[in-house]
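Subject: Structure handover

Hello,

Please find the structure below. My notes on it come after.

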Amino acid sequence: MNLTLHVWRQKSPADEGRMVKYEVTGVTDHASFLEMLDVLNEQLAAKGEEPVAFEHDCREGICGSCGCMINGEAHGPMPHTTVCQLHMRHFKDGDVLYLEPWRSRAFPVIKDLVVNRGAFDRVIQAGGYVSVMTGSAPEANLTPIPKSVADRAFDAATCIGCGACVAQCPNGAAQLFTSAKVSHLNMLPQGQPERYDRALSMVEAMEKEGFGACSNYAECEAVCPKGISIDFIARMNRDYLKAKAMAASKAGAGG
Ligand code: SF4
Ligand code: FES
């Protein structure tokens, strides 16, 4: 199939960037979306033009690095599908596609379709871990976890940190990502000792990074390739409010 692509080209973070039109030819419908971009880049390289920069690693839907906007939708038109798992059989000959990097003040563009998602790393650094004493790892079977709790924690843990939730949100909010990362630990027994500190510090880190505020559009849930539920946002907000109340009562009691 042949496609017309309008691709965001931006040489560097300082460049103001612009959409550029390309015709890409001879794409098979067995190709993945990223393989279609590989074909485009081979055709650009053959003409001596600069290839389009796009990010990827696993190409199997687990690393979270490959996202971009396709016709205004984060990760494109297929639900629960990352760009690398999107296949060209879902498009047709002659389609016109607009490709843009994630839209968010907190994710500055590095080049073309590649953005800096370091803000997510800093949110994780603020509390997305369980502190352990040094020594050998605890025996996993000594901490029984009800299956319903393990399943729910696993649902949150499937977040791949791709950033689609932020990119699609009209506010550029990162609540879905942050709540997934807070919740998968806060629901487990191992996460209880740091539960409220974790909620407080990760939400505060998120706010410092310049993400917008959540006003329940739920666009995040609609585009999340892992189907993370906005229920986790409510859960995070409850832990965060309790953490604030605990901190206020501690301050009122003189420390
Ligand atoms: S919550 Fe979903 S959309 Fe957001 S970063 Fe995690 S996997 Fe990506
Ligand atoms: S390249 Fe890893 S999720 Fe797409």
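Predicted model: local features only at pLDDT ≥ 70, side-chain atom pairs only at ≥ 80, totals over all residues.

Residues are numbered from 1 along each chain as its sequence is written, chains are lettered from A and ligands numbered from 1 in the order in which they are written, and side-chain values use heavy atoms, with hydrogens and water left out.

Ligand 1 is surrounded by 13 residues (a heavy atom within 4 Å), the closest being Cys159, Cys162, Gly163, Cys165 and Cys224. The shell holds 11 nonpolar residues, 2 polar and no charged (Ala, Val, Leu, Ile, Met, Phe, Trp, Tyr, Cys and Pro count as nonpolar, Asp, Glu, Lys and Arg as charged, the others, Gly among them, as polar). At least two residues of the shell come from each of α4 (164-168) and α5 (175-186) (helices are DSSP runs of H or I, at least four residues, and strands of E, at least two, numbered from the N terminus).

Arginine 198, in helix α6 (residues 195-208), is buried because its relative accessibility is 2% (buried is under 20% relative accessible area, exposed over 50%, partly exposed in between; 1.4 Å probe, protein chains only). A polar atom of its side chain lies 3.0 Å from the backbone oxygen of tyrosine 129.

Most residues other than glycine have a negative phi. Arginine 59 has a positive phi, near 55 degrees, and is partly exposed at 26%. Histidine 75 also has a positive phi, near 70 degrees, but is buried at 1%.

Regards

Terms used
Polar contact = N/O pair within 3.5 Å; in protein donor to acceptor, adjacent residues only side chain to side chain.
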